[in-house]
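Thanks for coming. I will go through one structure this morning, and you can follow along on the screen.

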Amino acid sequence: MGIKDFYDGCDIFITGGTGFMGKVLIEKLLRSCPGIKNIYVLMRHRKDKCITDRVKDMLALPLFDKIKTEHPGVAENKIIPLFGNLSEIRLGMSDEDYNMLIRNVSIVFHVAATVRFDEPIRDAIIKNVRGTREVVGLAAQMKNLMVFLHVSTTYCNCNRVYVDEKVYESPISWQDAISIAENLDPKLSETLTKKLLGLFPNTYTFTKLLAEQIISENSARSNHNNNNMPMVIFRPSIVISSIAEPVLGWIDNVNGPIGLMLAYGKGITQVTLAHKDSTPDFMAVDVSIKAMIVAAYHRGIHNSSSDNPLTVYNSSSVKKSITNGQIMQIAVKYFMLHPFDEILWRPRMLITGSKRLFYYLTIIQQLLPAMLLDFVLKIIRQPQTINLVNLQRKIYIATMALSNFTLQTWTFKNTNFLSLLTHIPEDEKDDFDFDFNDVNVEDTFITCLTGAQKYLFNTNPNKIKQARKKMKKLVWIDRIWITLLFVCIAYCLYSIISSRI
């Protein structure tokens with residue numbers, strides 16, 4: 001059975017469908033598997049937008065332009081939003097919708113999670129752990145379930161340097177974690193955060209590991225009871241922009257290395273905390289999504305012939321990773337040639353692995369200039385859309401939170417992940433082949449930055465000459481500033497030495 005045949009006629013339930021990976025997953029499923037019956041998406045109302053309007057807004061994104069051209073009306077007719085909330089019991093769904101999913105759905109993609117590193121422990125457990133329990137509980141009742149795919153992260157095991165494609169034990173049980181979140185006062189639970197996290201750097205990685213325990217235990221239980229619940233844990237590493245489809249460089253957030261590179265390009269960030277030679281593991285979103293679709297297919301068609309109801313995949317680039325230093329060099333080189341229309345300073349980056357030095361450099365190179373600019377803009381009464389000092393404070397906090405990942409390197413075994421390539425039917429490779437062996441890493445990041453300028457900042461390509469002229473001026477101003485700074489330092493040193501002679 002081919003991949004398209006496997007998905008033909010299926011009703012699919014997706015959580016997290018409005019997130020970065022979720023949107024790309026929905027688009028790819030509908031475009032490459034147009035025989036899918038319906039895709040039910042768990043959604044909440046947001047501010048003044050109901051779930052129906054949110055779907056319309058999503059389909060208006062450039063991400064869906066290709067499918068609207070190739071398969072007109074498919075996305076509009078087959079995406080069915082269902083009101084619900086990952087934080088609620090029974091996902092906050094109506095009995096009618098809940099029972100409808102039990103009757104109709106045969107494939108589940110559980111993508112939803114809070115990805116905030118600083119999410120309060122109670123909220124992170126409710127969303128990432130109890131939410132997973134509720135989705136698994138729903139799927140366990142589905143009469144025609146062929147596969148349940150849970151999206152985790154390779155970094156949920158960041159307390160170890162080498163991570164295999166298997167489920168590791170957690171420091172506490174997921175049941176105890178949920179009990180703590182449900183019964184303790186929020187303020188009291190926060191005091192327990194450090195003790196609960198242990199070697200884990202944040203609530204995100206900790207709760208994603210706990211969520212994996214739910215998947216592992218339920219798959220083992222279903223196998224023991226012959227309940228037929230084939231499950232997959234799919235662990236993407238750091239997910240970056242698309243490198244091929246449906247559009248080049250698609251991204252809808254400023255997280256991860258792309259966000260940091262954009263901050264350099266804007267001149268907002270001049271220094272960062274990282275080891276130059278550490279190698280972050282990244283994976284293009286379209287590569288991960290194709291692999292995810294293939295993983296669900298492979299698990300589904302081998303359900304009856306497999307003794308193991310759970311398969312784990314590390315969606316890791318391994319040998320295709322490059323160092324933090326190389327990533328920063330690519331960013332500076334790119335933005336000198338393709339500057340933003342509006343920038344604060346010329347792109348330049350200092351990388352240090354010392355937290356103390358990073359603190360002082362941040363004050364000198366970022367905070368003090370931000371204070372000066374805020375003051376000048378206030379004096380001349382220029383309209384200011386953002387407070388630069390507050391922005392620098394947020395950048396500093398975010399950088400410190402990310403330092404656990406930028407100061408060390410992990411090795412993620414990806415044998416299972418790469419083996420999926422051998423299970424793609426020859427006549428479907430054009431649609432689902434995710435082999436990235438021949439991908440040029442520098443070209444990949446250039447594609448990411450080009451896409452980010454286009455989709456996040458709406459950079460006007462017609463203003464490139466103007467932007468380059470401004471960049472040349474900033475380069476000269478920067479040189480003069482550095483020269484004056486060194487002259488001042490030299491003069492101060494000379495004065496100190498002279499006074500002691």
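Which backbone oxygen does the side chain of Lys78 reach at 2.5 Å? That is the backbone oxygen of Pro34. Before going further, note that this is a predicted model. The Lys78 side chain also reaches the backbone oxygen of Ile36, at 2.6 Å.

Let me place this residue. Lys78 sits in helix 5, which covers residues 74-78. Lys78 is buried, and yet has no salt bridge. The nearest side chain of opposite charge belongs to Asp8, 7.5 Å away. A salt bridge here would need a distance within 4 Å. Setting aside neighbours within four places in sequence, the contacts of Lys78 are Leu30, Pro34, Gly35, Ile36, Lys37, Asn38 and Ile39.

Some of those names come back with Ile12. Not counting residues up to four places away in sequence, Ile12 touches Ile36, Asn38 and Ile39, among others including Tyr7, Leu29, Val105 and Phe109. Ile12 belongs to the largest nonpolar core, which has 86 residues. Ile12 is listed with Tyr7, Leu29 and Phe109 as having the most contacts inside that core. Helix 13, residues 285-301, supplies the largest share of this core, with ten residues. Apart from it lies another core of 50 residues, including Ile121, Cys156, Ile178 and Val312.

Next, the record. The unreviewed UniProt entry lists residues 357-377 and 474-497 under "transmembrane region". In the model, residues 357-377 are 100% helix and 0% strand, with end C-alpha atoms 29 Å apart. Residues 474-497 are likewise 100% helix and 0% strand, and there the end C-alpha atoms lie 34 Å apart.

Last, some backbone details. Most residues other than glycine have a negative phi, and most peptide bonds are trans. Where does the chain depart from that?

Arg90 has a positive phi, near 55°. Arg90 is in the loop between strand 3 (79-83) and helix 6 (95-104), and counts as partly exposed at 32% relative accessibility.

Asn458 also has a positive phi, about 50°. Asn458 is in the loop between helix 19 (441-455) and helix 20 (464-500). Is Asn458 buried or exposed? Asn458 is exposed, with a relative accessible area of 63%.

Then there is the peptide bond between Glu245 and Pro246, which is cis, with omega about -5°. Pro246 lies in the loop between strand 8 (238-240) and helix 12 (256-266).

That is where I will stop.

Technical notes: Residues numbered from 1 in each chain as written. Predicted model: local features only at pLDDT ≥ 70, side-chain atom pairs only at ≥ 80, totals over all residues. Heavy atoms only, no water. Helix = DSSP H or I, 4+ residues; strand = E, 2+ residues; numbered from the N terminus. Buried < 20%, exposed > 50% of the residue type's maximum accessible area, 1.4 Å probe, protein only. Lys, Arg positive; Asp, Glu negative; His and termini not counted. Polar contact = N/O pair within 3.5 Å; in protein donor to acceptor, adjacent residues only side chain to side chain. Contact = heavy atoms within 4.5 Å. UniProt positions renumbered as here; feature names shortened; annotations may be inferred. Core = buried A, V, L, I, M, F, W, Y, C linked by side-chain atoms within 4.5 Å.
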